[in-house]
Amino acid sequence: MGKEVLVIGHQRPDTDSIAAAVGYAALKNELHQGGFLAARCGKLNRETEFVLSYFHLSAPLQVEDVRTRVKDVLDGGLLFIRPEATVRQAGIFMRQHGVKTLAVVDEERRLLGLFTMGDLARLLLEAWDTGNVPMDEPVSKVMQREDLVVFHEDDLIAEVRQTMLDTRYRNYPVIDDDHRLVGLIARYHLLAMQGKRVILVDHNEKGQAVPGIEEAKILEVIDHHRLADIETAEPVLVRNEPVGSTATIVSKMYREHGIVPEKGIAGILCAAILSDTLLFKSPTCTPNDREEAGWLAGIAGIDLNLFGREMFRAASSLAGRTAREIVLEDFKNFTFGGSTVGIGQIEIVDTDTLPVGSDELYAELEKLQAERNYDLIVLMITDLMRNGTELLFTGPQARVVERAFNVAATGGRVFLPGVMSRKKQVVPPLQRLLQK
């Protein structure tokens with residue numbers, strides 16, 4: 001990962017989050033001749049793995065966080081000198097390049113020491129008394145090699161800054177895992193520093209964002225969810241539409257620019273629309289979703305119904321998954337008023353595909369609630385054949401579920417006919433009650 005703009009979705013990415021990142025990065029690269037990189041901040045689920053494999057696409061780069069690190073502020077300049085070079089040569093080299101610090105490295109570019117303009121001045125002052133000017137001595141004899149303050153390229157700027165303030169040297173060498181020099185960092189790097197540049201897709205919530213988002217520079221937000229709490233220092237492009245999938249918006253943007261996506265890109269965008277709209281059964285589905293899915297399917301050469309059923313069969317294969325893995329398969333955090341809420345969702349085509357029973361899933365919900373101190377935690381088991389969702393829920397605010405859906409639940413579970421969408425049918429009623 002270099003200086004590219006990261007296009008990235010939410011934590012615990014689903015197919016729409018991955019497809020939107022891949023598709024939008026490809027569109028931006030087409031429009032701007034490169035500079036954009038699709039990324040993700042979590043493990044792929046089985047559905048997304050199936051889709052990427054089906055269309056022969058690689059998974060986006062996994063990013064643990066977007067906090068600024070030393071390597072992000074280095075300007076690419078790399079000046080160094082070998083230990084056998086003379087003091088005279090080092091002085092000439094510094095004057096030619098206008099630098100006051102040189103790293104001394106071996107033939108493998110491993111750091112051996114530093115030679116600075118201060119060292120040169122000290123030698124000349126000492127020669128004033130002795131009359132011996134050591135200009136032809138090798139740098140290795142006079143360089144600093146003890147008690148060097150050295151940073152690693154993956155060190156966080158927030159931690160490096162304090163060390164630099166405490167020591168106040170002009171330059172600090174930066175090394176990689178093999179102790180090879182990758183650059184020098186100075187205080188001016190911190191003054192000129194900007195956070196990593198990021199485009200958010202398929203969400204606009206701080207709690208769902210890649211860690212470190214508060215240090216990043218958000219350039220755009222492309223989403224189909226409710227407006228939440230992402231904040232920016234400057235005005236940015238926000239495209240938020242009430243459609244069933246972020247991939248629908250990305251597909252529309254291709255057409256607006258008169259660009260036809262590559263077959264694989266069209267395929268994964270189409271798959272994301274089918275996934276988020278549950279084969280057009282979800283109440284979030286709009287005519288726009290159907291129109292874009294049809295256009296993309298033609299480019300990708302797939303039959304919507306046949307491919308959709310194959311994709312959901314692959315997604316509903318949960319064999320070998322533990323109860324916790326199932327609960328966290330597609331899990332999102334929300335803050336409603338003063339309440340912290342976690343909502344997971346899985347889609348199945350047959351209850352027999354679940355490798356664990358509902359009692360075990362409910363017990364796992366209780367463990368997660370206690371571990372993470374949720375006010376309410378919910379698991380939606382959405383059955384595509386029954387066209388409804390079994391809701392498992394627990395936490396101090398559990399009674400809100402009964403009020404939100406006007407049902408009497410037994411043991412923290414209830415079946416809700418016709419409920420298929422977390423975003424449109426579960427989140428809004430819970431939010432209304434908890435934000436009162």
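## Helix packing around α11

The axes of helix α10 (residues 263–276) and helix α11 (residues 287–300) come within 8 Å of each other and cross at roughly 145°. Axes here are lines fitted to C-alpha atoms, for helices over the stretch in contact, and angles run from 0 to 180 degrees between N-to-C directions. Helices (H or I, at least four residues) and strands (E, at least two) are DSSP runs, numbered from the N terminus. The crossing of α10 with α11 is left-handed, a term applied if the near helix is turned anticlockwise from the far one by less than a right angle. On the α10 side the contact (heavy atoms within 4.5 Å) is made by Lys263, Ala266, Gly267, Leu269, Cys270 and Ile273. On the α11 side, Asp289, Glu292, Ala293, Leu296, Ala297, Ile299 and Ala300 take part. By class, this contact has nine nonpolar, one polar and three charged residues. Ala, Val, Leu, Ile, Met, Phe, Trp, Tyr, Cys and Pro count as nonpolar, Asp, Glu, Lys and Arg as charged, and the others, Gly among them, as polar.

Helix α9 (residues 246–256) also packs with α11, at an angle of about 60° and with the axes 9 Å apart. This crossing, too, is left-handed. Thr248, Ser251, Lys252, Tyr254 and Arg255 of α9 meet Asn288, Asp289, Glu291, Glu292, Trp295 and Leu296 of α11. The contact of α9 with α11 has three nonpolar, three polar and five charged residues.

## Basis of the model

This is a predicted model, in which local features need pLDDT of at least 70 and side-chain atom pairs count only at pLDDT 80 or more, whereas totals for chains, interfaces and linings use all residues. Residues are numbered from 1 along each chain as its sequence is written, and side-chain values use heavy atoms, with hydrogens and water left out.

## Strands and sheets

Three strands form an open sheet of mixed pairing, in the order β4-β5-β6; two strands pair if DSSP finds at least two bridges between them. β4 (80–81) and β6 (111–116) stand at the edges with a single partner strand each, so one side of each has no neighbour in the sheet. Strand β5 (residues 101–105) pairs with β6 in the antiparallel sense over five bridges, and Thr101 has Thr116 of β6 as its bridge partner.

Strand β16 (residues 388–394) and β17 run antiparallel and are joined by five bridges, with Leu392 opposite Arg413 of β17. Buried means under 20% relative accessible area, exposed over 50%, and partly exposed in between (1.4 Å probe, protein chains only).

## Loop residues

Asp202 lies in the loop between β10 (197–201) and β11 (217–223). Its phi is near 65°, a positive value in a residue other than glycine, and Asp202 is buried, with a relative accessible area of 0%. Leu279, in the loop between α10 and α11, likewise has a positive phi, of about 55°. Leu279 counts as partly exposed at 21% relative accessibility.

## Cysteines

The disulfide count is zero, a disulfide being a pair of cysteine sulfur atoms within 2.5 Å. Cys41 counts as buried at 12% relative accessibility. For Cys285, the nearest cysteine sulfur is that of Cys270, 12 Å away; Cys285 is buried at 17% relative accessibility.
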